[in-house]
Amino acid sequence: DRPARFHRKLICLSDGDSTSSSPIRVMQWNILAQALGEGLDSFVQCPLEALSWSRRKYLILEEILTYRPHILCLQEVDHYYDTFQPVLAGLGYSSHFCPKPWSPCLDVEGNNGPDGCALFFDQSRFELLDSVNIRLSAIRIPTNQVAVVTTLRCRTTGRCLCVAVTHLKARSGWEWLRSAQGSDLLRHLQNLVQKHSSGPAGEPNTDIPLLICGDFNAVPTEEVYRRFATSPLGLDSAYKKLSQDGLTEPEYTTWKIRPTGECCSTLDYIWYSQDTLRVDAVLDMPTEEEIGPNRLPSFSYPSDHLSLVCDFSFKEKD
Ligand code: NDP
Ligand code: CA
């Protein structure tokens, strides 16, 4: 009794011969915490029935299984221990979870624990080297936002990869905090890349490719976006590749209707090291028509955010 979901097309970018035969598929998705969706979000056009966990969990898992990413980065996970960790472990994924210190989920009656960020990787493709949970700081003060940073070795190529997942502070008025949190994450990543570098002592090594997936809660004109785009780590945002000119972010990654009005904006990103990684393919976004007049979430789409899926491959070393 729900409409079949629309097919999203994988847009291939690389010219035939340079396309990797076994790219690394990455998915970024804020899956909407169950406690927030039912308890605090007020999605006024979405029937409560569509928000039940018994429905949503299958839609979320169906989407993950449709694309079968090698690396899966999720935000607002409040069913890690009872659902995602065990189900995805059965499918060959290893994972790390970092709950928010003061998750707003805990304010909701009947909650299932705190929400947080989770990072899953396909164990047949990657070997774990290291994983750290980070509480992001702003002007040295710990905040309520977190990140998981995992360093992996690709079993196909032997190359290392550092992957981060984060969810920055929401709402307008907090642009300065998002910027500070983003800077803190960049600082951590800079340190990690140096720690894992195998280059000659003292020489800065930017060889370990980085992937940073997140709900930044920031539109592309915000300070935190600029910090990432201009950081010395050499990052670029993968979804720009979907645009005609290759320089423009999508029109939306989230689209919802609250009592305060409609919110259609781009807040989610997959950042990657442009010197060491190549984007081979990007999954296109559903159209306004496919999303429908009541926007997200709905019986067809379990979250108010859309998933981002990209295929990457390592660039050849010079
Ligand atoms: P954020 O402002 O970052 O938002 C938390 C969640 O609310 C996000 O998942 C966000 O989703 C969602 N959200 C955003 N906009 C709206 C909206 N207009 N209506 C409903 N939900 C929305 O929260 P914080 O991490 O700063 O935590 C705030 C809560 O944490 C407080 O309500 C408090 O309960 C608790 N807290 C308690 C402390 C304590 O000392 N006890 C200290 C700090 C926090 P999205 O990202 O998708 O937009
Ligand atoms: Ca949310």
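This is a predicted model: local features need pLDDT of at least 70, side-chain atom pairs count only at pLDDT 80 or more; totals for chains, interfaces and linings use all residues.
Residues are numbered from 1 along each chain as its sequence is written, and chains are lettered from A and ligands numbered from 1 in the order in which they are written.

Strands of a sheet pair through backbone hydrogen bonds, either parallel or antiparallel. Here, six strands form an open sheet with mixed pairing. Their order is β6-β7-β8-β9-β13-β10. Helices (H or I, at least four residues) and strands (E, at least two) are DSSP runs, numbered from the N terminus. Two strands pair if DSSP finds at least two bridges between them. Strands β6 (126–138) and β10 (235–237) are the edges, each pairing on one side only. From one strand to the next, the twist averages 20 degrees. Angles run from 0 to 180 degrees between N-to-C directions, with axes as lines fitted to C-alpha atoms, for helices over the stretch in contact.

Helix α4 (residues 175–196) packs on this sheet. It touches β6, β7 (141–154), β8 (160–167), β9 and β10; contact means heavy atoms within 4.5 Å. The direction of α4 makes about 145 degrees with that of β6.

Strands β9 (residues 210–215) and β13 (residues 268–273) pair in the antiparallel sense over five bridges. Gly214 has Tyr269 in β13 as its bridge partner.

**The ligands**

Ligand 1 has 19 residues around it. A residue is near a molecule if one of its heavy atoms lies within 4 Å of it. Lys100, Asp107, Asn144, His167 and Lys169 come nearest. The table lists polar contacts (pairs of N or O atoms within 3.5 Å; within protein, one must be able to donate a hydrogen and the other to accept it, and residues adjacent in sequence count only if both atoms are side-chain atoms).

| Side chain (N or O atom) | Distance to an oxygen atom of ligand 1 |
|---|---|
| Lys100 | 2.7 Å |
| Asn144 | 2.8 Å |
| Asp215 | 3.4 Å |

The protein covers 70% of the 920 Å² of accessible area that ligand 1 has on its own (Shrake-Rupley method, 1.4 Å probe; for residues, only the protein chains shown count as cover).

Ligand 2 is a calcium ion, coordinated by Glu76 (OE) and Glu76 (OE) at 2.2 to 3.2 Å. Donors are N, O and S atoms within 2.8 Å of the metal (3.2 Å for Na, K and Ca); water is not among the atoms, so sites may look incomplete. Glu76 sits in strand β3 (residues 71–77).

**Backbone details**

Most residues other than glycine have a negative phi, and most peptide bonds are trans. The Leu296 to Pro297 bond is cis, with omega near -10 degrees. Arg68 has a positive phi, near 45 degrees.

Terms used. Side-chain values use heavy atoms; hydrogens and water are left out.
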